[in-house]
Amino acid sequence: MHGLINRAIELFVRDTYGQDTWGEVAGRSELVPQDFEAMLDYPDTVTRDVLAGVSRVLDKPEAAILEDIGTYLVSHPTAEALRRLLRFSGTDFTDFLHSLDDLPARARLAVPQLILPPIELCDHDGHRFSVAVGAGQSGGLSFGYVLLGLLRAMADDYGVLVTLDHKGRRDGVETIEVRVLEKTFARGRSFSLGAAL
C-alpha cells in the first residue's frame, strides 16, 4: 500500500483523536517506527492491521472510520491543498461528480506510484447518480467508504443538500447512490481559483 494512504490514516487519528490515541493504535498494531513515510510502499497487511487497530481503539466499525477519513481529507485545515485540488474539478457539485471518473488518473499525475481504484459515474437524470468504485489495487480496503465521506464533505463544501448511500459491494465493485435534493441549500465554503495553494 502506498505510504500516502497509511499516512492519511495516521494523520486522521492524530488530528482527530490525539497523539496518545495514535500511540495506542501503533502499539496494538506493532508498528515500528510508529509513523509512516508518505512516499514509501508498505505491505497491505500493515494497512489492514492499522485499520483494525483504529477500529478496536475507537470501538467503531472500519467502514465508519474509512468514511470519517474521507471527510477528514476534505474538511480538515491540514488537508486544504487536497480540498483546493478537488474544487478545481468543477464550478458546482454536479460538475465535480462528473469529474470523478478522472480522479485516479489525476492522482497518478501528482504521485505516479499512487494507484486509486477506477471510478465510474452514471448520471441518471441530473439529480440521481450512481458511483461505481472498482477494487483496483486497494489491498482489500473499501475505498467506496472513503469516497462516501469525501463526497459528503464536498457536498457541504459546495453548499448542496444530498443523500448518499453506500449500496455495498458486488463482484468487487462498490456502489454509492447520490441524490441531489437541493443545489443551493446553504452557502458553500469560500473558494477562489486565483487564491494561492
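Two strands count as paired here if DSSP finds at least two bridges between them. Helices (H or I, at least four residues) and strands (E, at least two) are DSSP runs, numbered from the N terminus. In strand 4, for instance, Glu-174 is the bridge partner of Val-133.

A word on where this comes from: the model is predicted, so to speak of local features takes a pLDDT of at least 70, side-chain atom pairs count only at pLDDT 80 or more, and totals for chains, interfaces and linings use all residues. Residues are numbered from 1 along each chain as its sequence is written, and side-chain values use heavy atoms, with hydrogens and water left out.

Four of them make an open sheet in the order 1-2-4-3, with antiparallel pairing. Strand 1 (119–123) and strand 3 (161–170) sit at the edges with a single partner strand each, so one side of each has no neighbour in the sheet. On average, neighbouring strands are turned by 20 degrees against each other, direction ignored; the axes behind that angle are lines fitted to C-alpha atoms, for helices over the stretch in contact, and angles run from 0 to 180 degrees between N-to-C directions. In general, strands of a sheet pair through backbone hydrogen bonds, either parallel or antiparallel.

Here are the pairings, one by one:

| Strands | Bridges | Sense |
|---|---|---|
| strand 1 and strand 2 (residues 128–133) | five bridges | antiparallel |
| strand 2 and strand 4 (residues 173–182) | six bridges | antiparallel |
| strand 3 and strand 4 | eight bridges | antiparallel |

Across from strand 2, Glu-120 faces Ala-132, and Leu-121 faces Val-131. Over in strand 4, Val-178 is the bridge partner of Leu-164.

Two hairpins are worth a look. The one made by strand 1 and strand 2 has four residues between the strands, and Gly-126 takes a positive phi near 85 degrees there. The hairpin of strand 3 and strand 4 has two residues between the strands, with Asp-171 at a positive phi near 55 degrees.

Now for the inside. "Buried" means under 20% relative accessible area, "exposed" over 50%, and "partly exposed" in between (1.4 Å probe, protein chains only). A nonpolar core is a set of buried Ala, Val, Leu, Ile, Met, Phe, Trp, Tyr and Cys residues joined through side-chain atoms within 4.5 Å. The largest such core has 54 residues, and those touching the most other members are Phe-93, Phe-96, Leu-100, Val-131, Leu-147, Leu-151 and Val-178. Helix 8 gives the most to this core, with 10 residues.

Contact means heavy atoms within 4.5 Å. Leaving aside neighbours within four places in sequence, Leu-151 is in contact with Phe-93, Phe-96, Leu-97, Leu-100, Leu-164, Ile-176 and Val-178.

Leu-148 also belongs to helix 8, and at 4% relative accessibility it counts as buried. Not counting residues up to four places away in sequence, Leu-148 touches Glu-67, Leu-164, Asp-165, His-166 and Ile-176.

**Helix 5**

Which residues of helix 5 (residues 80–87) are buried? They are Arg-83, Arg-84, Leu-86 and Arg-87. Down the helix axis they fall within an arc of 160 degrees, so they line one face of helix 5; that arc is the one of the directions from the helix axis to the C-beta atoms. Their cover includes helix 4 (62–75), helix 6 (93–98), helix 7 (103–110) and helix 8 (143–158).

**Aromatic pairs**

Rings of Phe, Tyr and Trp (its six-membered ring) pair if their centres lie within 6.5 Å; planes under 30 degrees apart count as stacked, over 60 as edge-to-face and the rest as tilted. By that rule there are seven aromatic pairs. Phe-12 and Tyr-17 form an edge-to-face one, 5.9 Å centre to centre with 80 degrees between the planes. Phe-12 is buried at a relative accessible area of 3%, while Tyr-17 is partly exposed at 32% relative accessibility. Phe-93 and Tyr-158 have ring centres 6.2 Å apart and planes at 65 degrees, so this pair is edge-to-face. It links distant parts of the chain, with Phe-93 in helix 6 and Tyr-158 in helix 8, 65 residues apart. Both Phe-93 and Tyr-158 are buried. Finally, Phe-12, Tyr-17 and Tyr-72 form one aromatic cluster.
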